[in-house]
Amino acid sequence: MKHTDTKQPIIRRLKILEGQVRGLQDMVSKGVYCIDIITQTSAVKQGLSHVEDLLMEGHLGTCVLNQMKTGQAEQAKKEILKVYKLKRK
């Protein structure tokens, strides 16, 4: 990852997610009410989605943009399509 402007927010968010997953493990171990656990798993999924968005935005704004500027339009197109397909999953 070459774009340092998003690196720290991504690392911070991943550390928060790590704590949330540990919390989920604890909730399951303690037999917490299922709906409460599901609520937390939803929060983790949203957090991962946010990390994914930041990574893709950075990739498109740096790597793909540089490819287009340096005459590698075909490679840039492949990268854009790959990102699009990954995001749809």
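This is a predicted model: local features need pLDDT of at least 70, side-chain atom pairs count only at pLDDT 80 or more; totals for chains, interfaces and linings use all residues.
Residues are numbered from 1 along each chain as its sequence is written, and side-chain values use heavy atoms, with hydrogens and water left out.

Q: Which residues of α2 and α3 meet?
A: Contact means heavy atoms within 4.5 Å. On the α2 side, the residues are Ser49, Glu52, Asp53, Met56, His59, Leu60, Val64, Gln67 and Met68. On the α3 side, they are Ala73, Gln75, Ala76, Glu79, Ile80, Val83 and Lys87.

Q: Why is the pair Glu18 and Arg22 called a salt bridge?
A: The term asks for a side-chain nitrogen of Lys or Arg within 4 Å of a carboxyl oxygen of Asp or Glu. The closest N and O atoms of Glu18 and Arg22 are 3.0 Å apart, so the pair passes the cut-off. Both residues sit in helix α1 (residues 4–30), four residues apart, about one turn of the helix. As background, side chains of opposite charge can pair when their charged atoms come close.

Q: Why does Glu18 count as partly exposed, and what makes Arg22 exposed?
A: The scale goes by relative accessible area: buried is under 20%, exposed is over 50%, and partly exposed is in between (1.4 Å probe, protein chains only). Glu18 has 40%, so the label is partly exposed. Arg22 has 52%, so the label is exposed.

Q: How many salt bridges does the structure hold?
A: The structure holds three. Besides Glu18 with Arg22, Asp26 pairs with Lys30, with the closest N and O atoms 3.1 Å apart. Asp26 and Lys30 are also four residues apart in helix α1, about one turn of the helix. Glu74 and Lys77 meet at 3.9 Å, N to O; these two lie in helix α3, three residues apart, about one turn of the helix.

Q: How do you know that Lys30 is exposed, and what is the label for Asp26?
A: Lys30 has a relative accessible area of 61%, so it is exposed. Asp26 comes out at 37%, so that residue is partly exposed.

Q: What makes Tyr33, Ile35 and Ile38 a patch?
A: Patch members need over 30% relative accessible area and no salt bridge; nonpolar side chains (Val, Leu, Ile, Met, Phe, Trp, Tyr) are joined within 5 Å, like charges within 9 Å. Tyr33, Ile35 and Ile38 form a nonpolar patch on the surface, with about 340 Å² of accessible area together. Areas come from the Shrake-Rupley method with a 1.4 Å probe, and for residues, only the protein chains shown count as cover. Ile35 lies in helix α2 (residues 34–69) and is partly exposed at 47%. Ile38 is also placed in helix α2, and its 51% makes it exposed.

Q: Why is Thr6 called buried, and where does Thr62 fall?
A: Thr6, found in helix α1, has 15% relative accessibility, so it counts as buried. Thr62 lies in helix α2, and its 24% makes it partly exposed.
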